[in-house]
Each structure stands twice: as C-alpha cells, then as structure tokens.
Amino acid sequence: MEIEPGSSSALQDDFQWLTTTKKGGKSCVFIKKGFRWRRIYLEDIVYVESDKEFAHLHVNGTKFTVRKSLKELSELLPETGFIRIHKSFLISQDYVVSFYGNTVELEVDGEIKPFPISRTYKSGFRGRFLCI
C-alpha cells in the first residue's frame, strides 16, 4: 500500500517499495521518497529491521523505511541471499562475519554488530552455512 503524494499522513516522506528488476546482472529494487524513485541494489542491503507494519532497510549506512511487513519482504527478496533470524530481523548472508550461540555478527558500516537468533529460526539459519 503506497501513500499518495499530498496526503496528510505523517508518513508521506517515508520510502515505499516498488519492484525488483535486474540491471547489469544485479538485482535491484526501486523505492520512493516524496516524488523521487531511487534504485537500491539487493547486494547492498545489509539487514532489514521490523517495526510493526513498517520495515527499515539498512543499506550502506543509510536507512530506508518501507510500508511492508518483514514477512512480505522476506517473500519478495531472494531466498538465497537473505535469512530470517528473528521476528524483527532479516539479514543478508553476505555480511555475516561470525555466529555463536544465539548471536550472529554482521559487518555494518565497517563495524561488527551483533544480532539475536531466535530459537524459531536457529536451525534454518545454521542450515544455510557449511560448518567444518
């Protein structure tokens, strides 16, 4: 559901999800802020954080907000690149640095940041990585 330009909603300036496409072999989405659509490459999305009916995409130091649930986004994003680890987090497996116990560490803006892995998603998470 998109917010129409000129609406009285306080969310008018929030980013809105449009579509997934390919450019030069890279998958990308277009999101909207105000009247401008911006291309975001899926490989640049580090993690997605849920906030009720909104999701915050963390992309190379910038946070974009879309009016979609984490469940909707997890269905739109490619299954091979993103992993649901918690009811509030969906992460890109490309940014995983390490994991232990119920924690996964991602490289976010040059720093290592810990994220919780819930019991519900733990076996699915570990199954995505070859552990020797």
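This is a predicted model: local features need pLDDT of at least 70, side-chain atom pairs count only at pLDDT 80 or more; totals for chains, interfaces and linings use all residues.
Let's start with two neighbouring strands: strand 10 (residues 103-108) and strand 11 run antiparallel and are joined by 6 bridges. Strands here are DSSP runs (E, at least two residues), as helices are (H or I, at least four), numbered from the N terminus, and two strands pair if DSSP finds at least two bridges between them. Glu107 has Ile112 of strand 11 as its bridge partner. The two strands form a hairpin with 2 residues between them, and Asp109 in the turn has a positive phi of about 55°.

Residues are numbered from 1 along each chain as its sequence is written, and side-chain values use heavy atoms, leaving out hydrogens and water.

The protein's mean pLDDT (the predictor's confidence in each residue, from 0 to 100) is 80, and 80% of its residues reach 70 or more. Confidence is highest in strand 11 (residues 111-116), at 96, and lowest in strand 1 (residues 16-23), at a mean of 56. Over residues 1-15 the pLDDT is below 50.

Elsewhere, 5 strands form an open sheet in the order 6-5-4-8-7, with antiparallel pairing. Strand 6 (62-66) and strand 7 (82-86) stand at the edges with a single partner strand each, so one side of each has no neighbour in the sheet. From one strand to the next, the twist averages 20°; angles run from 0 to 180 degrees between N-to-C directions, with axes fitted to C-alpha atoms, for helices over the stretch in contact.

Helix 2 (residues 119-127) packs on the sheet and touches strand 7 and strand 8, its direction making about 150° with that of strand 7. Contact means heavy atoms within 4.5 Å.

## Strand 4 and its partners

Strand 4 (residues 45-51) is joined to strand 8 (residues 89-92) by 3 bridges, the two running antiparallel. Across this pair, the bridge partner of Glu49 is Phe89, and that of Val48 is Leu90.

Strand 4 also pairs with strand 5 (residues 54-59) in the antiparallel sense, over 6 bridges. Here Asp51 stands opposite Phe54. These strands form a hairpin with 2 residues between them, and Lys52 in the turn has a positive phi of about 60°.
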